[in-house]
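Colleague: I have a model open and want to learn how to read it. Could we start with a pocket, then move on to strands?

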Amino acid sequence: MYLIGIDIGGTKICACIGDHTGKITASKRILTQPLKGANKGLKAIAALIHELLEEENIDPKQIGAIGISSPGPISTKEGKMLKPPNLPGWENAPLVQFFKDTFHKHVMMNNDANAAALAEYQFGSAKGTPNLIYLTCSTGMGGGAIVNGELVQGVSDTAAEVGHFILDIHGPPCPCGQKGCFEVYCGGAALAKRMKEEIQKEKIQTEILMEANGKIDQIDVGCLIQAVKKKDPYALKIWEEFILRLAHGIGVVLMNFNPEVVILGTIAIHSGPLLLDPLKKQLRRFAWRENVEACRIEVSSIGDQISELSGLALAKQVLAHLGRS
């Protein structure tokens, strides 16, 4: 039996065919923005799936379920993407109903961070760990929580929105409307925005700008990581503050969920020990010794396959709920 995984993102959409072990048979990606919304987008995803099935010579009858990873906010009860801030034209997109009607399969959707947490639980290096937190550590700071082997959803599908824990009530404004959110300090987009503004305003001479080929608008976290490796003073200052805030946010997570493992995504994947070593040293400032010592802090082993595996994890979950896996 095959599973279909779909991941809808602000930049790209991924569709794949795989199985319950996380083995990916085939995968295709298309750009999101040219689709200009759900009306064209949903049909394009369906066409992508049909292409995969045809190319792999798979009969649609062999498909057991479909899983959809989507940007939030969502409604799992209605099976809809609600009003994603970075996806104009996708408001109230009826994801579950569309794919049910098109493929006549069981369909499950969830937000991308929850789906990624489920993928880590089902397929990652911490597979089967009953108390697990996944933090995206990417453009933003999304989070998903597995507690006692179950994904924590929340009454309005917003449980474990760790990126919007407030770390400082007097902090910078967040696009969510609050001030001082975890994401404002540790999300990749917020970090890049801060560096661009400071470097330009204060005319800072830094390796960060050199890594961006001298172009302010090309500065990102990747440039920061490379500049830290070169021990650039400004980069080291930004990195030290980032690590402190990351430890603060993860400390809140440890005190709230008391997990066995916290798995970190993109930024941690690209920086490795450069992030993990100082982060672990700072954690006891923000959480009890018992909580810190009970928890492993790890970099995701799934890496670039997170898009495919997030969708497959949800499809596998459908079958588990039906008692077929």
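Modeller: Gladly. This is a predicted model. Take the second largest pocket: its lining includes Ser-138, Thr-139, Gly-188, Val-221, Gly-222, Ile-225, Gln-226, Lys-229, Thr-266, Ile-267 and His-270.

Colleague: How is such a space found?

Modeller: Rolling a probe the size of a water molecule over the atoms shows where empty space is left. Here, the second largest pocket has a volume of about 180 Å³.

Colleague: Which elements give two or more residues to the lining of the second largest pocket?

Modeller: They are helix H7 (221-229) and helix H9 (266-271). H7 gives the most, with five residues.

Colleague: How many nonpolar, polar and charged residues are in that lining?

Modeller: Three are nonpolar, seven are polar and one is charged.

Colleague: Now strands. How do I read the two faces of one?

Modeller: In a regular strand the side chains alternate between the two faces of the sheet.

Colleague: Which strands are joined to S11 by bridges?

Modeller: Strand S8 (residues 132-135) is joined to S11 by four bridges, and the two run parallel. Strand S12 (residues 296-299) is also joined to S11 by four bridges, again parallel.

Colleague: What is the strand order in the open sheet of five strands?

Modeller: The order is S3-S2-S1-S4-S7, with mixed pairing. Strand S3 (24-31) and strand S7 (106-111) are the edges, each pairing on one side only. From one strand to the next, the twist averages 15°.

Colleague: How does strand S2 (residues 12-18) run against S3, parallel or antiparallel?

Modeller: Antiparallel, with seven bridges joining S2 to S3. To check a pair, find Ala-15, which stands opposite Lys-28 in S3.

Colleague: Which strands does helix H3 (residues 112-123) lie across?

Modeller: H3 lies across strand S4 (63-70) and S7. The helix runs at about 110° to S7.

Terms used. Residues numbered from 1 in each chain as written. Predicted model: local features only at pLDDT ≥ 70, side-chain atom pairs only at ≥ 80, totals over all residues. Heavy atoms only, no water. Pairing = 2+ DSSP bridges. Axes fitted to C-alpha atoms, helices over the stretch in contact; angles between N-to-C directions. Contact = heavy atoms within 4.5 Å. 1 Å grid on protein atoms, 1.4 Å probe; cavity = no way out; pocket = protein on both sides within 12 Å on 5 of 7 lines; lining within 4 Å. Points joined across faces, edges and corners; volume = space filled by probe spheres on them. Nonpolar A, V, L, I, M, F, W, Y, C, P; charged D, E, K, R; others polar.
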